[in-house]
Each structure stands twice: as structure tokens, then as C-alpha cells.
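Reader: I have a model open on my screen. Walk me through how to read it, feature by feature.

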Amino acid sequence: MGKLVAAIGKLLCCVQVDQSTVAIKERFGKFEDVLDPGCHCVPWIIGSRVSGKLTLRLRQMDVRCETKTKVLLQFTSRIIHSKHPHASQKLVEITLIYAIYFLLTLCIILQDNVFVTIVASIQYRAMEDKANDAYYKLSNPKSQIQSYVFDVIRASIPKLQLDDVFEQKNDIAKSVEQELEKAMFAYGYEIVQTLIVDIEPDEKVKKAMNEINAAARMRVAANEKAEAEKIVQIKRAEGEAEAKYLSGLGIARQRQAIVDGLRDSVLGFSGNVPGTSAKDVMDLVLLTQYFDTMKEIGASSKSSAVFLPHGPGAVADIASQIRNGFLQASTHHA
């Protein structure tokens, strides 16, 4: 049925042009007109025919181009020869007792080629008002576009270092697009957009770059870890200092309370028992504290062994030592 309809249409000289497509009409092999989408009468009897059709849709083409970049390494070294201040007498005689200073600067510029694959994505379409140029002037537009892309990329990339290629990929894409627009406009094609979608260095170079980035990140991580440990140590030291300060305050208050309690005990005992002195009261208090301490040591099952002079004279020795300490402290403050 379809073949029958086509045969009838051909017999009636009717041609259908689809949407987003134009047809090229010729008469006796010469261009005559561009047919827009729709149904057209092309009388073959008078030599008219449709030579071909051209799509106006946006097309995309990916171009892979391998080229080389420039790696610039600069080494500067200085070699200085001079008479050593502590040179031997023999060396001084050989050099005829004069100083020799030579300054040599070597600048060696080495260039190494790193191959890289650039993937460019070209979006283009035929211009409706120049459909005849797009149809007749180019037999293979993809090959023409690819040639221009190769030319621009291989002319610009070797001037850049590898890092600059990644940083300036938008500029490279713009250069390719401008060159293609100037070249393809004459052939009836419009370059809608050009993108550098991928940059693939050599595998060894890529591995080296990854190792460099990894080393840099590890260095940053090590610095951050060291700073964190430093902060932890500082905070720990501040906490210990604060704890010791508060512990000292507690011990000082405890001792102050003990002194106040002893003072009240001495004053109360001396007032209630006539004929006793402060020395007698202190000896009695120390003796009581001594026996209380021995009792606690003996009652505790987890206490360590403590060796003390256990005898009546020990209390007198302890009391004498305490009194001497108080007297020395009083003399020192006076």
C-alpha cells in the first residue's frame, strides 16, 4: 500500500518534506530552489527533481585529538670557589696568598613533551538560509570540522603547560569555536557551541599528578593533626593547672581549719585546766592524733606498710619537729 501511494505521488510529481528538513530542488541538474517542510509539486516532466534533503536539526560531534604539552623545568645553581679561612699554610702558599672568588650561575631550561588527549564536543547545524551552500559546498562536514579542531588544538596546546591546559580549557574551547565559526559560515553551517569535555594525560603523568596531590593532602592532614594534638595538650595542661590550683586552695583551707581548731582547743584547755601551758596542750593533741593515725592504719585492709618509730619518745620528737618548723617559719616571715 505504501509503495502504491509513493508511486502515485511520484506520478503526480508530489514531494513531501518533513519537519526540520529542507529539500534541494534542481532542474536539469542545476540548483533551482530550497523546499521547506510540507508537500511540493516537482514536475519531473520539465526536468525538475529533488536532488537530496538536508536536516536542520542540531547535531553533535565528538573529536578526540592527541597532542603534546610543554613542561618547563628551570634549575639554577651557583658554584662559589673561595679561600677557606681555616686553610692550611701549604694551601695558602699554593694559592699565592690571595683569595679567589668565582661566581657561576647556570640556568638550564629543559623542555619535555607530555602527550595528552583532548576530547572536544562540537554542536553544529545547517543554516536554513544557506542550505544550498551546506548541501553543495561540503560533501563531508564532519571531516572538515575535525580538521579545523585538530589544527586549533595542536597549535595552542603545545604552548601551554599541563596545569595550564586544565585551567584554560574554556579559553581553548572558545578559540576552537571562533575558528570553526569563521571557517564553517562560508559553507552554510552554524557552530552553536564548542566544549572541551575531557582532558586525558598520559597514564604515567596522571599517576604522578595523583601522587603529588596525595602527598599535598597528606601534608595538610599532618599539619591539621599536629594542630589538633597541640590544642589537646594545651587544654589538658590548662585543666591540670586549674585542678592543681583548686586542689591547693582546698588543702590550704583544710590546713587553715585545722590550725583554727587547734587554736581553739589550746585556748579552751588552758582556760579550763589551771597550770597547763600551750606546750602541754600541743603534746596532748599530737599524742591523740598519733594514736588515731595508728588505729586507721591498722583498721584498713588495703593500706601499705608504714614504718614509724613506735614509742613514747616518738611523740616528743614529732612535737619538737613541728615546733621548730613553726619557729623557723615565723623567723623567716619576720
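Author: Start with Lys30, which is found in strand 3 (residues 30-35). Strands are DSSP runs of E with at least two residues, helices are runs of H or I with at least four, and both are numbered from the N terminus. The model is predicted, so local features need pLDDT of at least 70 and side-chain atom pairs count only at pLDDT 80 or more, while totals for chains, interfaces and linings use all residues. Residues are numbered from 1 along each chain as its sequence is written, and side-chain values use heavy atoms, with hydrogens and water left out.

Reader: Is Lys30 buried or exposed?

Author: Buried means under 20% relative accessible area, exposed over 50%, and partly exposed in between (1.4 Å probe, protein chains only). Lys30 has 63% relative accessibility, so it counts as exposed.

Reader: Which strands make up the open sheet, and in what order?

Author: Two strands pair if DSSP finds at least two bridges between them. Here three strands form an open sheet in the order 3-2-5, with antiparallel pairing. Strand 3 and strand 5 (48-55) stand at the edges with a single partner strand each, so one side of each has no neighbour in the sheet. Strand 2 (residues 21-27) pairs with strand 3 over five bridges, in the antiparallel sense. In that pairing, Arg27 stands opposite Lys30.

Reader: Now the nonpolar residues. Which of them touch the most other members of the largest nonpolar core?

Author: In soluble globular proteins, nonpolar side chains tend to be buried together. A nonpolar core is a set of buried Ala, Val, Leu, Ile, Met, Phe, Trp, Tyr and Cys residues joined through side-chain atoms within 4.5 Å. The largest one here has 31 residues, and Ile122, Ile145, Val149, Ile153, Leu180 and Tyr189 touch the most other members. Elements that give two or more residues to this core include helix 4 (141-156) and strand 8 (189-201). Strand 7 gives the most, with six residues.

Reader: Where does Ile46 lie?

Author: In the loop between strand 4 (38-41) and strand 5. Ile46 is partly exposed, at a relative accessible area of 41%.
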